[in-house]
Amino acid sequence: MYAWPASEVPALPGSGRDLSIHDTATGGRINLTPGPVARIYVCGITPYDATHMGHAATYNAFDLVQRVWLDTKRQVHYVQNVTDVDDPLLERAQVNGDDWTALAERETALFREDMTALRMLPPQHYIGAVESIPGIVPLVERLRDLGAAYELEGDIYFSVESDPSFGSVSRLDAEAMRLLSAERGGDPERPGKKNPLDPMLWMAARAGEPSWDGGSLGRGRPGWHIECVAIALDHLGMGFDVQGGGSDLAFPHHEMGASHAQVLTGERPFAKTYVHAGMVALDGEKMSKSKGNLVFVSALRRDGVDPAAIRLALLARHYRSDWEWTDGLLREAEERLGRWRAAVSRPDGPSADALVEEIREALADDLDSPAALAAVDRWAAAQSATGGTDEGAPGLVSRAVDALLGVAL
Ligand code: 5CA
Ligand code: ZN
C-alpha cells in the first residue's frame, strides 16, 4: 500500500561512520557493515488507535539508523508492515460499533500524516497483513509439510521445538517466555498444544469475524508472527541487516519470526541484528493503547505544537532507555528549537565542520542522539556568545541537523 511522501535528505560533505549498535540476540554491540544496499525491516502499527509518543520514539530510532546509512552513501531498502487484521483491531471495532476495515484505514491514514509531519523516511514497501495473505498461506502449508506445524481444532500452530535455535533472539528462560507469551497475544493456557509457547500460524474462521480462503488450511486468518516473516522474506530475503521494533517485540514476536523463517528456509539468521527501542511511559506506566494512557502525535499537532519540537523531544532520550513523557520535555524541546533556529538564521557563525563530525560520531555510537543534541547546543551557544565569521556555517548546521536528525530548522 502507499506509504507517505519522503522528505529530502540534504547531502553533507564527507562521509559518515559505520553504525555500532546494540543487538538483543548477542546482548552486545555489533559493528554493522551492510553492503551497498542496507536492508531493514521495522514492525509497523496495529492501526486501532492513533500514533502515540511511544510509537513515535520507536520509529524515530529506526529513522536514525537509515540516516546514518544514507550518510555512509549506502542505499537503504526499508520494509514496514501494517497489522491491519488482528484481535485488538477487531475487538476495538466491535466495541465502537465500527467497521474494522474503516477503523484500520482511518488510523493508518493518521499514522501516515504523523510520520510525514515528523519527517520519518518512508519504507519502499509498506505492506498490510490482509494483502499478504496469499503469500502467507503457502508458508504455513510448507511449515506443516516440514512437520513444524500442527492442527488443533482447525487452528494451525507452529511447533517451537522444530527450531533448535529457538530462544536465541530474546535469550529468556522458559518461565519468562510463558509469562510474556500470555501478556503479548499468545495462548499458553490452551489445552492440547504441544508446547504452551507454540504460536498460532493460521486461525480457523470464527463466526462474526473476517476470514479468507486459506487453500488446504481452510478459511481463516493469519497469525501475527508469520505476517512479518512473509513480508520480510518476500521483500528482503534472509539475512537482512536489522529487524527493529520496541523492546516488547523481542519476545514473542521477533523470537517466533526468526524461528518461523529459519525452519522455513533451513538458513540462519533471519535478521543479522535485532534492535529494540525502550518503552515510553506516561505517569509511571508504559504508554499503551490497551491502558489508554496516551499522548498522541496528532493531538499535539492539532494543538499547534511544531512537529520539529516533538521530534527534538524524542531525540533528547537515548533510544534504548525506558523513559517518561512529560510536558516539561516538550517545553525544553521547543526552547531548544527556538535557540537552534535563531543560531542558523544569522549570516555567519563559528565553523561547523567539527560539529558535523561530532553528530556523526554520536549517532554511530549506538544512536546516541542526546550526545548529538548536546553538540549542536554547544555550537548554538558559541554562536550566541561570540558568533563567528564562517559564512557557510549556519547553512551547514541546518543541513546536518536535517540530514542526520530529521529536524528541519
Ligand atoms: N503491529 C505490531 C508489530 S508487527 C505492533 O506491535 N503494533 S503496535 O502498534 O502495537 O506497536 C508499533 C510499534 O511501536 C512496535 O515496534 C512497538 O514495540 C512500539 N511501541 C508500542 N508501545 C510503545 C511504547 N510505549 N514505547 C515505545 N515503543 C512502543
Ligand atoms: Zn512485526
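Which residues coordinate the zinc ion (ligand 2)? I looked this up in a predicted model, where local features need pLDDT of at least 70, side-chain atom pairs count only at pLDDT 80 or more, and totals for chains, interfaces and linings use all residues. Residues are numbered from 1 along each chain as its sequence is written, chains are lettered from A and ligands numbered from 1 in the order in which they are written, and side-chain values use heavy atoms, with hydrogens and water left out.

**Zinc site**

I find Cys 43 (SG), Cys 228 (SG) and His 253 (NE2) coordinating the zinc ion (ligand 2), at 2.0 to 2.3 Å. Donors here are N, O and S atoms within 2.8 Å of the metal (3.2 Å for Na, K and Ca); water is not among the atoms, so the site may look incomplete. I noted the arrangement as tetrahedral because the four donor atoms subtend angles of 101 to 120° (four donors count as tetrahedral if all angles lie between 85 and 135 degrees).

Along the chain the donors of this ion follow the spacing C-x184-C-x24-H. Cys 43 sits in the loop between strand E3 (37-42) and H1, and Cys 228 in helix H6, 185 residues apart, and the pair links distant parts of the chain. Helices (H or I, at least four residues) and strands (E, at least two) are DSSP runs, numbered from the N terminus. I checked burial next: both Cys 43 and Cys 228 are buried (under 20% relative accessible area; exposed is over 50%, partly exposed in between; 1.4 Å probe, protein chains only).

I also looked at Gly 186, in the loop between H5 and E8. Gly 186 counts as partly exposed because its relative accessibility is 32%.

**Pockets**

I took a pocket as an open set of points on a 1 Å grid over the protein atoms alone, with protein on both sides within 12 Å along at least five of seven lines; a cavity is a set where a 1.4 Å probe fits but cannot get out, and lining residues have an atom within 4 Å of a point. Grid points are joined across faces, edges and corners, and a volume is the space filled by probe spheres set on the points.

The largest pocket has a volume of about 1300 Å³. It has 49 lining residues, and Thr 46, Arg 184, Trp 224, Asp 248 and Leu 249 are the closest to its centre. H1 gives the most to this lining, with four residues.

The second largest pocket holds about 210 Å³. Its lining includes Asp 87, Trp 100 and Arg 221, and H2 supplies the largest share, five residues.

I count two cavities of 30 Å³ or more. The largest cavity holds about 90 Å³. It is lined by 15 residues, with Ala 57, Asn 60, Leu 314, Arg 317 and Tyr 319 nearest its centre. H1 and H9 each supply at least two residues of that lining.

The second largest cavity holds about 50 Å³. Trp 4, Tyr 59 and Met 115 are among its lining residues, and H1 gives the most, with four.

How many residues of helix H9 (residues 307-315) are buried? Eight of its nine are, and I noted H9 as mostly covered. Its buried residues pack against H1 and helix H10 (327-344), among others (contact means heavy atoms within 4.5 Å).

Key
Tetrahedral: all angles 85-135°; square planar, octahedral: opposite > 155°, others 65-115°.
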